[in-house]
Amino acid sequence: MRFSNPSSLLVGAVLLVVAVRTGAQSLRRARAELPSEKDTPGLGEDAAPEQFDAVIVGAGWAGISAAKTLLDSGVSSVLVLEANDYIGGRSKTINSDGRINVPNITIDSNNVPVECGSEWLYLDNGMEKHLRENDYLEHVDLNTSEDDWLGGTLKRTQLYVQLRGNNDTIRTIKVDRETMNKLHDRTWRYFSSFRDKEREKKDQSYFSAIEKYKKALKLTNNVAIQYLNLLLSIGEVDIAAESNKISLDEHRIFRGWSYPVHYMSVPGAGYGNVAAALAAPFAPPSSSTIKLGAKVTEINREDPNNSIISFTKNGVSKKVSTKTVLVTVSLGVLKAGSISFKPKLPRWKQQVIDKMGFGVMNKCILQWNDTDTAVWPDSTWFALTTPDDHTSGKWTTFFNPSKFKGVPTLVGWISGDDAKSMEKQTDEEVLGDVMENLRTMFPTLSQPDRVIVTRWGQEETVRGTYSYKTVGRDHGNDSRILKRRVQKLWFAGEATAGSYWYATTVGGWKTGHEAALEMVQELSH
């Protein structure tokens, strides 16, 4: 534990006792003699910084994985500085009692979590194996095939179509599976072949390819056009970016693949709760390895063998020194320049930071207390096509996790420019937009009892959601460059995970572990 000098504290305590006995004047004199943060080693801005072997910036999955790897490897002098007041980063669980990211072993098995960020855990990787073998997934159904993510399949999606009639009236119809399959075959399946041919010509955006496709087919049927727009908007949700920025090389948009995943947001679990449980042995209150509410402002590497990390906590500026540094903050934070590097990062690294894609996706989470309020079908996903381009994709994709949670729950998804614009609205305005579209599908839907709206673009500690393949860039190469160390400064996180695990918690976990192993080797010299 790293606190103030014990003898100084003891003197202060004695002085306080004396002050109580001798009156207010003595009390004021005793208080003046107590050590301030500036007089305490490692705390004040001008004090001699406390020394560590490794400092990790960020306690998301990359930071947690790195800290665990370092500690398990025998490196005990480790400090993790996390700007948020919770552990888990973009795995942010809000529990029934309002608490964020608490160890799942300490919560009631009837607790119904909701996820502001990540919800699905991919199978067959080191992270999933570790969590499973160490009983962190006790309440998660590890055998179900019913929790596929939307981007992999449409077979669990119920489609609704808005049609414009006479006098500009709009009616909504529920589309049966056979009709939806035919519509899909006439539009997206043909586009898949068109897309592959366009990819061979040059890299371009999905939006550009879709527009070329519409012209090539001379599409005039508005239902077909709006269905294409809907699928493009679902792709934007999956990628968390605008379709005019997503590279045609982005493999995650409706390639017909089914993603093997576990749904984490079930009673007794929760993605962020699992993160907090994993970090519990080296997190407050049992350990001082992780400091919450510690916002790093500068990393000074002018001494190649000893970096100085400046951060603020509770409004007080502080510094620590370290032999090695690992930065696990989001690409959005790096883009914003929230952390000052001295000397500046090499041009080759700063260039990829500036050029890589990092998007915004948000949710509006609705819950009802009464099970009779679930007036929607059992489908896992609902999708709505609107009759106009400008409304297509704006709160038209909905996830139905009710069967996983045991209470009626719907989650609206929005991405790209619509997500950024939505962040300027109030919660009431967002709820109004969401309920308007839901009620076109489910007219008798009542007002929800619980509403949570995310605004990841406004979160200063993240500034978005995750990275994506943008037009004109080699994402795999950019990601490897972003990950590359600069002397004794390492980088980790989903954006550094290469062409496969980017935009996932697994990517964070994997790269944090890999960076920590390199730091262990460096420290052993």
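The legends below describe close-up views of one predicted protein model.

Residue numbers start from 1 along each chain as its sequence is written, and side-chain values use heavy atoms, without hydrogens or water. Because the model is predicted, local features need pLDDT of at least 70 and side-chain atom pairs count only at pLDDT 80 or more, while totals for chains, interfaces and linings use all residues.

**View 1. The whole protein chain.** The chain holds 15 helices and 21 strands; these are DSSP runs numbered from the N terminus, helices being H or I with at least four residues and strands E with at least two. Of its 525 residues, 54% are buried. Buried means under 20% relative accessible area, exposed means over 50%, and partly exposed lies in between, with a 1.4 Å probe and protein chains only. A contact is a pair of heavy atoms within 4.5 Å. Among contacts in the chain with a separation of 6 or more, 71% join residues 24 or more positions apart.

**View 2. The largest nonpolar core, around Trp61.** A nonpolar core is a set of buried Ala, Val, Leu, Ile, Met, Phe, Trp, Tyr and Cys residues joined through side-chain atoms within 4.5 Å. The largest one has 63 residues, and Trp61 and Leu131 have the most contacts inside it. Leaving aside residues up to four places away in sequence, Trp61 touches Gly88, Ser91, Met127, Leu131, Tyr271, Val274, Ala275, Leu278, Thr505, Gly508 and Trp509. Another core lies apart from this one; it has 30 residues, including Ile299, Phe311, Met356 and Phe491. In soluble globular proteins, nonpolar side chains tend to be buried together.

**View 3. Ala277 in helix 8.** Ala277 lies in helix 8, residues 271-279. Its relative accessible area is 5%, so Ala277 is buried. Ala277 and Gly88 are 189 residues apart along the chain, and their C-alpha atoms are separated by 9.9 Å.

**View 4. Helix 15.** This helix covers residues 505-523 and has 19 residues; at 1.5 Å a residue it should span 27 Å, which agrees with the 27 Å between its end C-alpha atoms. The expected span is 1.5 Å times one less than the number of residues. Among the buried residues of helix 15 are Thr505, Gly508, Trp509, Ala515, Met519 and Glu522.

**View 5. Helix 10 and its neighbours.** Helix 10 covers residues 347-355, and its buried residues are Lys349, Val352 and Ile353. Seen down the helix axis, they fall within an arc of 105°, so they line one face of helix 10. The arc is taken from the directions from the helix axis to the C-beta atoms. These buried residues pack against helix 9 (331-336), helix 14 (475-483) and strand 21 (489-491).

**View 6. Thr187 and Lys214.** Thr187 is in helix 5, residues 177-201, and is buried because its relative accessible area is 1%. Lys214 is in helix 6, residues 206-217, and counts as buried at 12% relative accessibility. Not counting residues up to four places away in sequence, Thr187 touches Tyr213, Ala224, Tyr227 and Leu228.

View 7. On a 1 Å grid over the protein atoms alone, a cavity is a set of points where a 1.4 Å probe fits but cannot get out; a pocket is an open set with protein on both sides within 12 Å along at least five of seven lines, and lining residues have an atom within 4 Å of a point. Points are joined across faces, edges and corners, and a volume is the space filled by probe spheres set on them. The second largest pocket holds about 390 Å³. Its lining has 17 residues, of which Phe207, Glu236, Ser243, Asp389 and Ser392 lie nearest its centre. Helix 7 gives the largest share of this lining, 4 residues. Val329, Leu331, Ala492, Ala495 and Thr496 lie nearest the centre of the largest cavity, among its 13 lining residues.

**View 8. Backbone details in loops.** Most residues other than glycine have a negative phi, and most peptide bonds are trans. The bond from Pro284 to Pro285 is cis, with omega near 5°, and Pro285 is in the loop between helix 8 and strand 9 (290-292). The bond from Lys342 to Pro343 is also cis, with omega near -10°. Arg463 has a positive phi near 60°, and at 34% relative accessibility Arg463 counts as partly exposed.
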